[in-house]
Amino acid sequence: MIVNFSGIHENQAFSFVLTPLDRNSVQLSDFSTASQQAPVKATLNETIETPVGSVLITPSLYYTAEYFGTPVTIRKENMETVTEAYRNRLNVTLAAKGSTILYLTLLEQSTARAEDILNTLIAVYNEDMISDKNRIAVNTSEFINERLVIIEKELGNVDAEIESFKSRNLLTDISSETGFYLPATNQYKTEELDLENQLSLAEFIKEYLTDPRKNAELIPANTWVGDINIETQIRDYNELLLRRDKLIRNSSDRNPVVTDLNNTLSAMRQSIIRTVDNLIAGLKMKKENVHQREQQTTRRISAVPSQQKFVLSVERQQKIKEELYLYLLNKREESALTQAITESNVRIVDPATGSDYPVAPRSAIILLSSFLIGLALPGGLLWLRETANTKVRNRKDVEDVVTIPFLGEIPMDDKKQSEKIVVSKHGRDPVSEAFRIVRTNMDFMRVKAKDLKVVMFTSFSPSSGKTFVSCNLAMSIALTNKKVVLIDMDIRKGTLSSRTGNKGIGVTNYLSGKIDNIQEIIAKDELCEHLDMIYAGPAPPNPAELLLSDRLDKMIAELREMYDYIIVDNVPANIVADTSIVNRIADLTIYVIRVGLLDRRQLPDLERMYQTNKFHNMSIILNGVSYGRRGYSYGYGYGYGYGYGNDKK
């Protein structure tokens, strides 16, 4: 089917569905410009009115009965939108660097349509270029024709004047009467004749330039006024005017570039006029000089009749105009010849042809890109998650920032860390082995404390696992047949006491003076005979004052006599002053850091505490380390979980 639209603006866009009914009629429906519109039945080869305008539908050579009842969507797009889309898909490249051959490539679904577009584009380009070249020649021919009409009229007047003068004065042949002119007279005449010719052409050019009606037209080129500068300026002016006209066709007069070109053209036209004025003035001066010398010669020929002078003067004007007339005729023929032989400087090497195979989309590249994106996206998300995570993740994060002695790592075991004590005498699990390593490393901390008995636990914040670590370290030491007492020094909340369910007597009872016998606050642990516990006791209203009392020092002194190790489970540091107060009785301060809880930006504060000796003999334990399926190891090339000693029974 061939669908023609009449009276529809080129930028109007719409669509509708065309359904062939039979050989003579079709149905139009689903107009995009109308929300609800009854279908329109149209007869082929007849113009009908539709919601989108007048439409003429004619059958093509391929219109057969097999298309009856098959709906076809007809769509008209905005011309500017379509033009911009094709412009974006058109690619122009050089065949090689410095080459004059261009490759035009157009991406299009229809090969035939792409070939037609490229061939039409080249043809229009050639026509436009030839038209630009011919504009100068056509304008020059019009100028020459105008001058020829004027000169032809002047020649007729001169001939009539000579005839009338000779008739009135009964003159026939006066050439013999002028044979005694000096040879110099001919030379002066020749010079004056040449100057008069140049002056006439210059005045013609000036008259054309000063004519307001000619402001928008090209200045005639090759006017042969005898001044190369004027010819160059006229040629530059014509080229700039052609550029401006081409820009106006593609935009408007208000385009800033067109405005600048108009100003430049006006300035160039004034410059040409001034140059022509200077040329005219110079020619007049030369002519005056020649004329004066001629007059000097003429005055010497006093015998020549006045009629002879008049005839010579008129004949001279006649000769000037004849030469100018012949000269312009010759130039008109040259201009016509130039216009006739103008040809395009573009030659088609190969006509537009399309590929038999699709060039896009490229399935292999799409699959490869999808595969690479599939690899990069998860990796990028993992990298982003690791980069955005500012929490302590492993031992390296700590050791890169602080210089505090590192006692060990406690692996993550959610099931076991929910219990109070997981260390057993014959246990071979990673948690038990980790506490054995911490117990061994504690001996190296005796450098700063010879009598290392009192070990205090603290952390940056709650939930770091210091109570879990202190309980299990106490059990690990007690299993070596050392007498160990575990003190819950968190007299504000009593975290350790709450876990064991004991809220009876404890530290606060002794510190407040209600109990003097320390044996009354010591409780035996059911799991190990060498491990005793002292609970926090009732929560006092003045915890800081109790911890500052001498009874705390007295209690620790008595416990030093009774036990090999005193494990003190204290409150988090920097939250209340209890940690700094109790630290006076500690021989070793263990700072518990929980993986995934402490922000790495707080590690410099921890290093500052160590450098300023805020806590006695400070060290670090990293709690909650996760090793996944790699097993539990410390990065030294060996680990735990060898395959023996862990068999479940």
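Pro39 is placed in the loop that runs between β3 (25-29) and β4 (40-43), in what is a predicted model. Although Pro39 and Leu28 are 11 residues apart along the chain, their C-alpha atoms are separated by 5.5 Å. When the neighbours within four places in sequence are left aside, the residues in contact with Pro39 are Gln27, Leu28 and Ser29.

## A nonpolar surface patch

On the surface, a nonpolar patch is formed by Val92, Leu94, Leu102, Leu104 and Leu121, which together have about 420 Å² of accessible area. Two elements, β8 (90-94) and β9 (102-106), each give two or more residues to this nonpolar patch.

Leu121, also a member of the patch, lies in helix α2, which comprises residues 111-169. With a relative accessible area of 40%, Leu121 is partly exposed, since that class lies between the buried limit of under 20% and the exposed limit of over 50%.

## Packing of α10 against α11

Helix α10 (residues 430-442) packs with helix α11 (residues 466-478) at an angle of about 75°, and the axes of the two helices are 9 Å apart. Because angles from 65 to 115 degrees count as roughly perpendicular, α10 is described as roughly perpendicular to α11.

On the α10 side, the contact is made by Val431, Phe435, Arg436, Val438, Arg439 and Met442, while α11 contributes Phe468, Val469, Asn472, Leu473, Ser476 and Ile477.

Key: Residues are numbered from 1 along each chain as its sequence is written. This is a predicted model: local features need pLDDT of at least 70, side-chain atom pairs count only at pLDDT 80 or more; totals for chains, interfaces and linings use all residues. Side-chain values use heavy atoms; hydrogens and water are left out. Patches are made of residues with over 30% relative accessible area and no salt bridge: like charges are joined within 9 Å, nonpolar side chains (Val, Leu, Ile, Met, Phe, Trp, Tyr) within 5 Å. Accessible areas come from the Shrake-Rupley method with a 1.4 Å probe; for residues, only the protein chains shown count as cover. A salt bridge is a side-chain nitrogen of Lys or Arg within 4 Å of a carboxyl oxygen of Asp or Glu. Helices (H or I, at least four residues) and strands (E, at least two) are DSSP runs, numbered from the N terminus. Buried means under 20% relative accessible area, exposed over 50%, partly exposed in between (1.4 Å probe, protein chains only). Contact means heavy atoms within 4.5 Å. Axes are lines fitted to C-alpha atoms, for helices over the stretch in contact, and angles run from 0 to 180 degrees between N-to-C directions. Angles under 35 degrees count as roughly parallel, over 145 as roughly antiparallel, 65 to 115 as roughly perpendicular and the rest as oblique.
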